[in-house]
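Have the model open and follow along.

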Amino acid sequence: MDIDQAEDTQPSSSQSKRQLIVPVDDAHPFDLEGYISNYSGRTVVDRLIHIITLCPSIAVDAYQLAVQHVHQSRDPSQFQLLASTYEHVASNSEFSLPPLSELPSLNGKWADEVAAKNHAEKVKLENELKTYNNNMIKESIRMAHRDLGDFYRSVGDYSTSLKHYTKSREYCTTSQHVLDMCLSVLELLIEQRNYGHIPTYVFKADAALEAAVAAAAQASANPSGPTPMVSVGKKSSPERDRVRSKLDLASSLSALGQSAYEKASYALLRLGPTKDLGDWVGKIISPGDIAIYGTLCAMASLSRSAFKAQVIDNPSFGVYIEQEPYLRELIEAYMASKFQSVLEILQRFSTRHYIDVHLTSHVTHLMEKIKNRAVVLYFQPFSSIRLDRMSQAFGWTVNEVEMQVVTLIQSGNIQGRVDSQNKILQVKKVDHRTDLFARAMKAGVDMQNANRKLLLRMKLQQADLVIKPPKSHQNTMSDYIQVEQ
């Protein structure tokens, strides 16, 4: 299956004037070293490059950290992207940044050595694949494609890596092999932030997992057979929970990337402990990221009762929340209807949200949805309320409150009307008697139309004016009816 490559996320010259700048100061605290220490592998440099783009005030520190991590990788080409990003930010930023020549650079000797090692390993792996193809050993060919996929991924050649991963599918002989291939592709797609194609491989991995569990059950019933790779219990097994958690995480990131916040929240909130995610913790995501994604998506999409049941009363997700202490304060303020505190906390830690590579394009939309939900929840108990009282509760001006309320009324989230002269929001009064008569009349009209159609059909049948379907269609329909019964 061909996979579309993720679009280039680097800012173009036409976008530079609209580039978002995220502050890092006392009002928006952010610990760069503490944040980046939660990650490992290629994602470290990717995230640091993203931070350089958004936060010019800490671009120098991020650049120096990125150079250190590039020297720990197998891909010297990452430095080219790092340097070009820094130069672009330095030339378009209002901050006075030192020129690239004054900052640490790539060690040329190290880069040559790594390039030579990479070339030698590439030749070795390709020769092995050629040998196995000549010998027609399916398992060896599969492993050779897998190893080449891992190699190309480590050096940043994602398209070739994906080609070898998908090619290995042709030589998979067990469901466990298919499952391993799907998980490798999912890692690659998440790194590329190619959210649209993640559900395809989640579905394939689900099917492979069920087949692997069934095969393991059959193998356990036959002790003389080979040892199963996925153990089976009455309800679940550690291996199955581990795979299930990874698939839930992949589904949640795909839903988040496509702005399906409710779906993303439910997938995140059913994740198991961090040990179930295995090496994905750090390589792809950190526990703090899971806590932030889950909390913000739940606040933006779930009702208060569902939020309490899924977030507060969820002990497994509570472990993730402890990774980001401010989230506990945010949740307590939200449940206590202290909406001004909620908005202040979200604003204070907005830098932490914007610098996340998966969340950055959704922060503004999530903040708006949380703000709208807060206004709706605040107005819910009242039949009428003065706008100046709402302005005190939210820390806004009366005009800002009025604009927000009018927007919610127009979208149908609030059933009310605003008295602009007296600055009062009132619930729209509903005449229940009139509403009842209207619904009764509508039900009568619907029933009358249905009876007219039924009488017409009966008269057509009596006059033998019914067109009979072809015989083949009748057979198909009869089979369908038998299946349904």
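## The sheet

What strand order does the open sheet of 3 strands have? The order is β1-β3-β2, and the pairing is antiparallel. Strands here are DSSP runs (E, at least two residues), numbered from the N terminus, while helices are H or I runs of at least four. Two strands count as paired if DSSP finds at least two bridges between them.

At the edges sit β1 (384-386) and β2 (416-419), each pairing on one side only. β2 and β3 (residues 424-427) pair over 4 bridges, and Val418 has Leu425 in β3 as its bridge partner.

A word on ground rules: this is a predicted model, with local features needing pLDDT of at least 70, side-chain atom pairs counting only at pLDDT 80 or more, and totals for chains, interfaces and linings using all residues. Residues are numbered from 1 along each chain as its sequence is written, and side-chain values use heavy atoms, leaving out hydrogens and water.

## Helix α8

Now jump to α8 (residues 175-192), which has 18 residues. Just after α8, Arg193 takes a positive phi of about 60 degrees.

## The cavity lining

Arg193 also turns up in the lining of the largest cavity, along with residues including Ile190, Glu191, Lys283 and His358. Lining residues have an atom within 4 Å of a cavity point, on a 1 Å grid where a 1.4 Å probe fits but cannot get out. α2 gives the largest share of that lining, 4 residues.

Conventions:
The expected span of a helix is 1.5 Å times one less than its number of residues. On a 1 Å grid over the protein atoms alone, a cavity is a set of points where a 1.4 Å probe fits but cannot get out, and a pocket is an open set with protein on both sides within 12 Å along at least five of seven lines; lining residues have an atom within 4 Å of a point.
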